[in-house]
Amino acid sequence: QAAVASLTGIVAKENIVGTLSVLYGSGEGSVYSVLSTVFSKAAGLSMLTFNLLCAPCLSAIAAIKREMNSGKWTAFAIGYQCVFAYIVSFVIYRLGLLFEGNFSVSVVVGAIAAVLILVFGVYLVVKPEKKHSKASKR
């Protein structure tokens, strides 16, 4: 159901909530109470993060295509956004499992991988720029 909701988010991001509401039919309570029993806090936050960062809606994709004037660059941009969204949501999910108190071996290994990814990402942001000397430009 979550994957189907994510796919309907390609049409418009607000469709995700409506699709989840239909797929998880609330019955007696609200859809949010049903979703809180289906997803853990880490999984819910991870899913929301992925859907917010992944490929934009179709109209935005069309605008990207028009501005880049290239189908290949548009596909690269959308692919980059989806990979970035997956990495961020992976880190959130794995660290979220630790914060929920799950300390199984697979969770700890995943959390170590998430921390390494996080440290690498921070390094890429804060690393100093290389200074080029005039002699190397000749």
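**Chat about the model**

Colleague: What joins the side chains of Asn51 and Ser6?

Modeller: A polar contact of 2.9 Å joins them. A polar contact is a pair of N or O atoms within 3.5 Å; within protein, one must be able to donate a hydrogen and the other to accept it, and residues adjacent in sequence count only if both atoms are side-chain atoms. This is a predicted model, where local features need pLDDT of at least 70, side-chain atom pairs count only at pLDDT 80 or more, and totals for chains, interfaces and linings use all residues. Residues are numbered from 1 along each chain as its sequence is written, and side-chain values use heavy atoms, with hydrogens and water left out.

Colleague: Where is Asn51 found, and is it buried or exposed?

Modeller: Asn51 is in helix 4, residues 41–53. Helices are DSSP runs (H or I, at least four residues), numbered from the N terminus. Asn51 is buried, because its relative accessible area is 5% (buried means under 20%, exposed over 50%, partly exposed in between, with a 1.4 Å probe and protein chains only).

Colleague: Which residues is Asn51 in contact with, leaving aside neighbours within four places?

Modeller: Ser6, Lys13 and Ile16. Contact means heavy atoms within 4.5 Å.

Colleague: Changing topic. What is the mean pLDDT of the chain?

Modeller: The mean is 87, and 93% of the residues reach 70 or more. pLDDT is the predictor's confidence in each residue, from 0 to 100.

Colleague: Which elements have the lowest and the highest mean?

Modeller: Helix 8 (residues 134–137) has the lowest, 60, and helix 6 (residues 71–99) the highest, 94. Where pLDDT is low, the predicted coordinates should not be read in detail.

Colleague: Which residues form the nonpolar patch on the surface?

Modeller: Leu52, Leu53, Met68, Trp73, Phe76, Tyr80 and Phe84, with about 800 Å² of accessible area together. Helix 4 and helix 6 are the elements that give two or more residues to the patch, and helix 6 gives the largest share, 4 residues.

Colleague: What are the cut-offs there?

Modeller: Patches are made of residues with over 30% relative accessible area and no salt bridge; like charges are joined within 9 Å, and nonpolar side chains (Val, Leu, Ile, Met, Phe, Trp, Tyr) within 5 Å. A salt bridge is a side-chain nitrogen of Lys or Arg within 4 Å of a carboxyl oxygen of Asp or Glu. The areas come from the Shrake-Rupley method with a 1.4 Å probe, and for residues only the protein chains shown count as cover.

Colleague: And why does Phe84 count as partly exposed?

Modeller: Because its relative accessibility is 42%. Phe84 has its place in helix 6.

Colleague: Thr74 is in helix 6 too. Buried or exposed?

Modeller: Thr74 is buried, at 6% relative accessible area. Beyond its neighbours within four places in sequence, Thr74 contacts Ile61, Ile64, Lys65 and Met68.

Colleague: What is phi of Asn69?

Modeller: It is near 55°, a positive value in a residue other than glycine. Most residues other than glycine have a negative phi. Asn69 is in the loop between helix 5 (58–68) and helix 6, and counts as exposed because its relative accessibility is 67%.

Colleague: Last one: where is Gly110, and which residues does it contact?

Modeller: Gly110 is in helix 7 and is buried, at 9% relative accessibility. Leaving aside neighbours within four places in sequence, Gly110 is in contact with Phe90 and Arg94.
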